[in-house]
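Biologist: I would like to learn how to read a model such as this one. Please show me the structure, and we can go through it feature by feature.

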Amino acid sequence: FGVALCRFLSFFLYSRVYDPPLPSRTIAKRVSLREAARSLVRTNLGRFMTINAFFNFSCTFAGPFFTVLMIRDLGFSFTTYILLQMVSAFSAMIGLQIWGRVADRLGNARILHITVPLIGLVAICWVINQTPAFLVLVHAMSGLVWSGYNVSSLNYALETSSDQERTKLVGVFNAF
């Protein structure tokens, strides 16, 4: 019941957001699949989208194994598991605000150069210590680092795409 109530509340709040009309634009020419594949190698955005796709694939592939490790191998209760996930989510919400401001000053590419190695460091922290108290810190760091990566990668895709093709390229970016 609580979840349904929150969804209705979010729908109400979202319906009050002002949505300005889109300016009229010229329709972009259609691009063949072969031409799109070539642009993945030739352009900065294409190379970034390819690297980002492989990076996210590897992290998404490895993610479920951490759940199995915590519940089956480390013997954490479901409550402990959920609390760790909540720490990560809350730190990500805080991190989005922080990284957004930092990215405005330093640039999105620099934030990506900072956060990508830190994401690897988060995985290494699992080898150091696997107690719940330590993993709270690891999950807090994970939420902060991943929020920086996510906000900067989307902003980088937006700033390196042309105005005419931005909507299409962001759709392709999200599909990757």
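Modeller: Start with contacts along the chain. Among contacts between residues at least 6 apart in sequence, 69% join residues at least 24 apart. Keep in mind that this is a predicted model.

Biologist: Which secondary structure elements does the protein have, and in what order do they run from the N terminus?

Modeller: The secondary structure comes to 7 helices and 0 strands, and the order from the N terminus on is α-α-α-α-α-α-α. The C-alpha trace spans about 55 × 40 × 35 Å along its principal axes.

Biologist: How many residues are in the protein, and what percentage of them is buried?

Modeller: Buried residues have under 20% relative accessible area. They make up 24% of the 176 residues here. The accessible surface of the protein is about 12,400 Å², with 68% of that belonging to carbon and sulfur atoms.

Biologist: How do I check the length of helix 5?

Modeller: The expected span is 1.5 Å times one less than the number of residues. Helix 5 (residues 108-128) has 21 residues, so it should span 30 Å; its end C-alpha atoms are 30 Å apart, which agrees.

Biologist: Which residues of helix 5 are buried, and what covers them?

Modeller: The buried ones are N108, I111, L112, T115, I119, V122, C125 and W126. Their cover includes helix 3, helix 4 and helix 6.

Biologist: Which residues form the largest nonpolar core?

Modeller: A nonpolar core is a set of buried nonpolar residues joined through side-chain atoms within 4.5 Å. The largest one has 11 residues: L45, F48, M49, F55, L112, I119, V145, Y149, Y156, A157 and F173. Helix 3, helix 5 and helix 6 each supply at least two residues of this core. A second, separate core of 9 residues includes F76, C125, L135 and V138.

Biologist: What does Y149 touch, not counting residues up to four places away in sequence?

Modeller: Y149 touches N52, F55, N56, L112, T115, V116 and I119.

Biologist: Is H139 buried or exposed?

Modeller: H139 has a relative accessible area of 8%, so it is buried. This residue lies in helix 6 (residues 132-160). Leaving aside neighbours within four places in sequence, H139 is in contact with M70, L84, Q85, V87, S88, S91 and W126.

Biologist: Where is I71, and what does it touch beyond four places in sequence?

Modeller: I71 is in helix 3 (residues 44-73) and counts as partly exposed because its relative accessibility is 26%. Beyond four places in sequence, I71 touches F76, F78 and Y81. As a reminder that sequence separation and distance are separate quantities, take I71 and P23: they are 48 residues apart in sequence and 51 Å apart in space, C-alpha to C-alpha.

Biologist: Which residues make the nonpolar surface patch?

Modeller: I82, L83, M86, F90 and M93 make a nonpolar patch of about 480 Å². M86 is found in helix 4 (residues 78-106), and at 37% relative accessibility it counts as partly exposed.

Biologist: How many salt bridges does the structure hold?

Modeller: Side chains of opposite charge can pair when their charged atoms come close. This structure holds 1 salt bridge. R72 pairs with D73, and the closest N and O atoms are 3.1 Å apart. R72 is exposed because its relative accessible area is 62%, whereas D73, with 48%, is partly exposed.

Terms used:
Residues are numbered from 1 along each chain as its sequence is written. This is a predicted model: local features need pLDDT of at least 70, side-chain atom pairs count only at pLDDT 80 or more; totals for chains, interfaces and linings use all residues. Side-chain values use heavy atoms; hydrogens and water are left out. Buried means under 20% relative accessible area, exposed over 50%, partly exposed in between (1.4 Å probe, protein chains only). Contact means heavy atoms within 4.5 Å. Patches are made of residues with over 30% relative accessible area and no salt bridge: like charges are joined within 9 Å, nonpolar side chains (Val, Leu, Ile, Met, Phe, Trp, Tyr) within 5 Å. Accessible areas come from the Shrake-Rupley method with a 1.4 Å probe; for residues, only the protein chains shown count as cover. A salt bridge is a side-chain nitrogen of Lys or Arg within 4 Å of a carboxyl oxygen of Asp or Glu.
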